[in-house]
Amino acid sequence: MEISKDDVLEYIGGFYVPEDDDMAALRELNEKENIPLIWRETEMIMGMLLDIAQPHTILEVGTAVGYSACFMSKHLGGDVKVTTIENDYDRFMQANENVSRQKCSETVNLICDDAVHALKQLHDSGRMFDFVFIDAAKSHYSEFWDEAVKMVHRGSIIVCDNVLMRSMTVIPPDEAEHKHRTNIRNMRNFLEYITNLENVKTIVTEAGDGLSISYIR
Ligand SMILES: C[S@@+](CC[C@H](N)C(=O)[O-])C[C@H]1O[C@@H](n2cnc3c(N)ncnc32)[C@H](O)[C@@H]1O
């Protein structure tokens, strides 16, 4: 019997428990409207990492409509500040609405800007973060990382989502469709880079759409 990745995901998804009814409703709506959000499996792993790390300050690159920002805030019981960046104005406005509906306005701070620009500004204003979640344009992960890493400390965790790009990353770039080659090369170079840094311990997992988890030593 052939078992596909979707079969595995469906099985593991059976263990998923939503944070609460409001978050379950927001997930359902986003999925129905094809708005990007973290996969269930990713959410379960993020939840576990947050339980272990207990961060007080979180930086997110790529808000979409605020699902993961609200999840992180609610999961930590509100004892956290989540700063999240989105460059699409309509999504940013939707995120504002969702954050307010999910009663996370006190803990989630939304920024509408290009991430690299916003990250430089956060760094200039002396901000530091215990936990970073990178979940935006995949071909720019290196740039997001380079800015975000300036604002972490020993013991911080950086998680990057979608690093396997629906398994595309494992295809040698020259054998991939032309339109995907640059993305694949960029992601492979990025993973090569972060897994070889001296002061950072990184693992790359197949979870969800591929997740890298880095621990700053
Ligand atoms: C996968 S979605 C984020 C999903 C969200 N983290 C969640 O799970 O609810 C990626 C988002 O990043 C945004 N984005 C892409 N490139 C960006 C950039 N350079 N600066 C800021 N946001 C960006 C996109 O507009 C999109 O809404």
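**Close-up views of a predicted model**

**View 1. Ile-158 and its contacts.** Setting aside neighbours within four places in sequence, Ile-158 is in contact with Val-132, Ile-134, Ala-148, Val-152 and Ser-214; here, contact means that C-beta atoms, placed from the backbone, lie within 7 Å. Do keep in mind that this is a predicted model, in which local features need pLDDT of at least 70, side-chain atom pairs count only at pLDDT 80 or more, and totals for chains, interfaces and linings use all residues. Residues are numbered from 1 along each chain as its sequence is written.

**View 2. The largest nonpolar core.** This core has 50 residues, being a set of buried Ala, Val, Leu, Ile, Met, Phe, Trp, Tyr and Cys residues joined through C-beta atoms within 7 Å. A residue is buried if 20 or more other C-beta atoms lie within 10 Å of its own, exposed if 12 or fewer, and partly exposed in between. Among the residues with the most contacts inside the core are Ile-58, Tyr-67, Phe-144 and Ile-158. Helix H4 (residues 67–75) gives the most to this core, with five residues; helices (H or I, at least four residues) and strands (E, at least two) are DSSP runs, numbered from the N terminus.

**View 3. Val-80, between H4 and a strand.** Val-80 sits in the loop that links H4 to strand E2 (81–86). With 20 other C-beta atoms within 10 Å, Val-80 is buried. Leaving aside neighbours within four places in sequence, the contacts of Val-80 are Pro-55, His-56, Ile-58, Ser-73 and Thr-107. Glu-106 is 26 residues from Val-80 along the chain, and their C-alpha atoms are separated by 9.4 Å.

**View 4. Helices H6 and H7.** H6 (residues 115–124) and H7 pack at about 5°, with axes 9 Å apart; axes are lines fitted to C-alpha atoms, for helices over the stretch in contact, and angles run from 0 to 180 degrees between N-to-C directions. H6 is therefore roughly parallel to H7, a term for angles under 35 degrees. Ala-115, Val-116, Leu-119, Lys-120 and His-123 of H6 meet Glu-143, Phe-144, Glu-147 and Ala-148 of H7.

View 5. Look for His-140 in the loop between strand E4 (131–134) and helix H7 (141–148). His-140 is partly exposed, having 16 other C-beta atoms within 10 Å. Asn-186 lies 46 residues from His-140 in sequence and 7.8 Å from it in space, C-alpha to C-alpha.

Note on methods: Contact = placed C-beta atoms within 7 Å. Parallel < 35°, antiparallel > 145°, perpendicular 65-115°, else oblique.
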